[in-house]
Amino acid sequence: MYSLLIVDDEEIILNGIKDAVSSSALPLKSVRTASSAKSALKMLMKDPCDIIVSDIRMPDMDGLEMAEQAKRIWPETRIIFLTGYQDFEYVRKALRLNSDDYLLKPVSDEKLTEVIGNVISKLDSLWMERFDLRYRKAAETEKTSINPGKAVYFLFIAYEADQARMSGSELHKSLCGMLERLFGHYCSALLFEKGENNTIVWLQPAIEEEYWDKVCLKTLEELQSFFLEHLDVRMSIGLSQKARPEDSEQLTRKMKEKCLGKDNFGCLFILDAEEEKENSSENYAVKAVQSYIRNNPEKDLSLGALSDRFRINPSYLSRVFHQETGIPLSEFIVRIRLVLAKKLLAETDMKIYEIAQKTGFETPGYFTKVFNKAERISPRNFRLNVSKDKAEK
């Protein structure tokens, strides 16, 4: 699943693009909007994205400058320019930025979603190349020296090794090669240590500190997703905050305890040098699934459909969702749909069958049955009670 950011200073165009993309079948985990280039950069500083669709001429900063800075934050970001100006200089600069397309307004919804779909196909191919196991190589502990006078970040990766598929040694070698490719652009030094079904990495960033955390987390999320989706290997990943090299033993011990905890395996978290603090108590995939369900209660929310959309193993998604939220995925879906149903019953004149359809229930009869069981009242009587209460007030 990929993230998309739409940048345009014209609200009508901004909302139009968002509606077109959100209602499409594109595999997007999030669609965000920004009404200026500067606000887009602020958003990207907090959370880098995979694809940017941007206007060029905007009041505070043009889209070309914004795109250039966005690629500094996350070099893998793909850019689609959407502008009303067929200016040669704009096109030249867009080409220099290695943008994926240059579209002239107005553009049809079909054309725009087709272009975004093509970019997603490219990202799929590039994503596979970044994690290609054919390029695995072992990295020796002595290979790269850490500067003792500079801050270091520690990474602890625990994995479920399977001798029939990949042993702990093979996973370690693959990880070392992958991490060298993934972090080589961002780090001045990398050092690897092999444990029992775990890999410890020392990282010394070469990029600005303000970019590091987000770039690092996004890269690790992709690494975690790759091993789960393509090798069915679950990983638990801990990342320390900036620390001293001499803190290595203490921090890796804490991260090991956290990563190997029965209720935490499969998570990705940040551990501070002085006190533990989770970047999120919820798995990042769970957050994305919850958000999608809340925003699309009428769509197919079966386990199979959700696992396909978010590229997550179905059994893993079911298990980790229950683990992180405390309720089964199916129950969460019903709760969200019933909240919307009650709102529609109370605030609209929609017919029962229309509400059933709007809230994703298969038939009006099934909707009534589920509503009755959860609320101990039929949808019709619920509406009558609400109307009666309003009249009395």
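1. Does threonine 83 count as buried or exposed? Threonine 83 counts as buried, because its relative accessibility is 0%; buried denotes under 20% relative accessible area, exposed over 50%, and partly exposed the range in between, with a 1.4 Å probe and protein chains only. The residue lies in strand 4 (residues 78-83). Beyond its neighbours within four places in sequence, threonine 83 is in contact with Asp55, Ile56, Tyr102, Leu103, Leu104 and Lys105, where contact means heavy atoms within 4.5 Å.

2. On the basis of these remarks: this is a predicted model, in which local features need pLDDT of at least 70, side-chain atom pairs count only at pLDDT 80 or more, and totals for chains, interfaces and linings use all residues. Residues are numbered from 1 along each chain as its sequence is written, and side-chain values use heavy atoms, with hydrogens and water left out.

3. Strand 1 (residues 2-7) and strand 2 (residues 28-34) run parallel and are joined by six bridges; strands pair if DSSP finds at least two bridges between them. Leucine 4 stands opposite valine 31 in strand 2. From strand 1 the chain crosses through helix 1 (residues 11-22) to strand 2 in a right-handed β-α-β crossover, that is, clockwise from the first strand over the helix to the second with the strands pointing away from the viewer. Helices (H or I, at least four residues) and strands (E, at least two) are DSSP runs numbered from the N terminus.

4. An open sheet of five strands has the order 7-8-6-9-10, with mixed pairing. Strand 7 (187-195) and strand 10 (268-271) stand at the edges with a single partner strand each, so one side of each is left without a neighbour in the sheet. Neighbouring strands are turned by 20° against each other on average, direction ignored. Axes are lines fitted to C-alpha atoms, for helices over the stretch in contact, and angles run from 0 to 180 degrees between N-to-C directions.

5. Two helices lie across this sheet. Helix 6 (residues 168-183) lies across strands 6, 7, 8 and 9, running at about 170° to strand 7. Helix 8 (residues 248-259) lies across strands 6, 8, 9 and 10, at about 35° to strand 6.

6. Strand 7 runs antiparallel to strand 8 (residues 198-205), with eight bridges between them, and cysteine 187 stands opposite proline 205 in strand 8. The disulfide count is zero, a disulfide being a pair of cysteine sulfur atoms within 2.5 Å. For cysteine 187, the nearest cysteine sulfur is that of cysteine 216, 7.4 Å away. Cysteine 187 is buried at 11% relative accessibility, and cysteine 216 is buried at 0%.
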